[in-house]
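Please walk through this protein with the model open beside the text.

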Amino acid sequence: MRKLLFQSLFRQAFTEPAPLPDDAAVTELATAIGRAARRRLGRSLSIREVDAGSCNGCELEIHALNNAYYDVERFGLRFVASPRHADVLLVTGPVTLNMREALERTYAATPGPKWVVAVGDCAFNGGLFAGGYACASGVGEIVPVDLHIRGCPPSPTQLLKGLLALMEDASRR
Ligand code: SF4
């Protein structure tokens, strides 16, 4: 026992090293999203996250957008608590049977103009959980989807790139 404790003091962590931060790229992406949102909406972009049955891996990456490193709120991207205040619904997970109605009601409660972004491979087509007894389907079969951001899970930078593509496309219309 003493030997194990002693070894644990000097053993390296088993986890992978964190990727090097790329401040400039994040700042550029988030600034461009804020600018495109102001062009299209005349104000900041409000995002409502909807977990429709994910494993929470996608949520961890979405939550990272608000951590001290990404801190996207400083660029005018706000996560809101109600769909009534949202412009974008960020939906994760294969839609489970239990969450299907909640997703439909959340979509109905969101005022236009509104966009739905399906985040992760599960949200695209059920991913790992496709065909499972508790799953309905991908998000696109329940509510209209404007953009899929693939990945299992997609990184915060991929999420920002997706939101930028969405806002640029929306501000051209
Ligand atoms: S895409 Fe991957 S990380 Fe996201 S909910 Fe599905 S299994 Fe989890």
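The model is a predicted one. By that cut-off, the residues around the ligand are Ser-54, Cys-55, Gly-57, Cys-58, Gly-120, Asp-121, Cys-122, Leu-128, Gly-151, Cys-152 and Pro-153. Sorted by class, this shell has 6 nonpolar, 4 polar and 1 charged residues. Two helices, α3 (57-64) and α5 (121-125), each give the shell at least two residues.

The protein has 6 helices and 7 strands. Read from the N terminus, the order of elements is α-α-β-α-β-β-β-α-β-α-β-β-α. The C-alpha trace spans about 65 × 45 × 25 Å along its principal axes. The chain holds 173 residues, of which 42% count as buried. Among the contacts between residues at least 6 apart in sequence, 81% link residues at least 24 apart.

Helix α6 leads on to the next packing site. Two packed helices are described by the angle between their axes and the distance between the axes. For α2 (residues 23-41) and α6 (residues 156-172), the axes come within 9 Å and cross at roughly 25°. Angles under 35 degrees count as roughly parallel, so α2 is roughly parallel to α6. The crossing of the two helices is left-handed. On the α2 side, the contact is made by Val-26, Leu-29, Ala-32, Ile-33, Ala-36, Ala-37, Arg-39 and Arg-40. On the α6 side, the residues are Thr-157, Leu-160, Lys-161, Leu-163, Leu-164, Met-167, Glu-168, Ala-170 and Ser-171. By class, the contact of α2 with α6 has 11 nonpolar, 2 polar and 4 charged residues. The spacing along each list can be read with the helix repeat in mind. An α-helix has 3.6 residues a turn, so residues three or four places apart point the same way.

Is Val-50 buried or exposed? The cut-off for buried is under 20% relative accessible area; Val-50 has 7% and is therefore buried. Beyond its neighbours within four places in sequence, Val-50 is in contact with Leu-89, Leu-90, Val-91, Thr-92, Leu-103 and Thr-106. Val-50 and Glu-104 are 54 residues apart in sequence, and their C-alpha atoms are 11 Å apart in space.

The loops hold some backbone details to check. The peptide bond from Gly-112 to Pro-113 is cis, with omega near -5°. Pro-113 sits in the loop between α4 (97-109) and β5. A cis peptide bond also joins Cys-152 and Pro-153, with omega about -5°. Pro-153 is in the loop between β7 (147-149) and α6.

Two residues other than glycine have positive phi values. Asn-56 is one of them, with phi near 85°. The loop that carries Asn-56 runs between β1 and α3.

Asp-71 has a positive phi of about 40° and lies in the loop between α3 and β2. Its relative accessibility is 30%, so Asp-71 counts as partly exposed. Leaving out residues up to four places away in sequence, Asp-71 touches Leu-65 and Asn-66. Asp-71 and Val-117 are 46 residues apart along the chain, and 20 Å separates their C-alpha atoms.

Conventions: Residues are numbered from 1 along each chain as its sequence is written. This is a predicted model: local features need pLDDT of at least 70, side-chain atom pairs count only at pLDDT 80 or more; totals for chains, interfaces and linings use all residues. Side-chain values use heavy atoms; hydrogens and water are left out. A residue is near a molecule or strand if one of its heavy atoms lies within 4 Å of it. Helices (H or I, at least four residues) and strands (E, at least two) are DSSP runs, numbered from the N terminus. Ala, Val, Leu, Ile, Met, Phe, Trp, Tyr, Cys and Pro count as nonpolar, Asp, Glu, Lys and Arg as charged, and the others, Gly among them, as polar. Axes are lines fitted to C-alpha atoms, for helices over the stretch in contact, and angles run from 0 to 180 degrees between N-to-C directions. Angles under 35 degrees count as roughly parallel, over 145 as roughly antiparallel, 65 to 115 as roughly perpendicular and the rest as oblique. A crossing is left-handed if the near helix is turned anticlockwise from the far one by less than a right angle, and right-handed if clockwise. Contact means heavy atoms within 4.5 Å. Buried means under 20% relative accessible area, exposed over 50%, partly exposed in between (1.4 Å probe, protein chains only).
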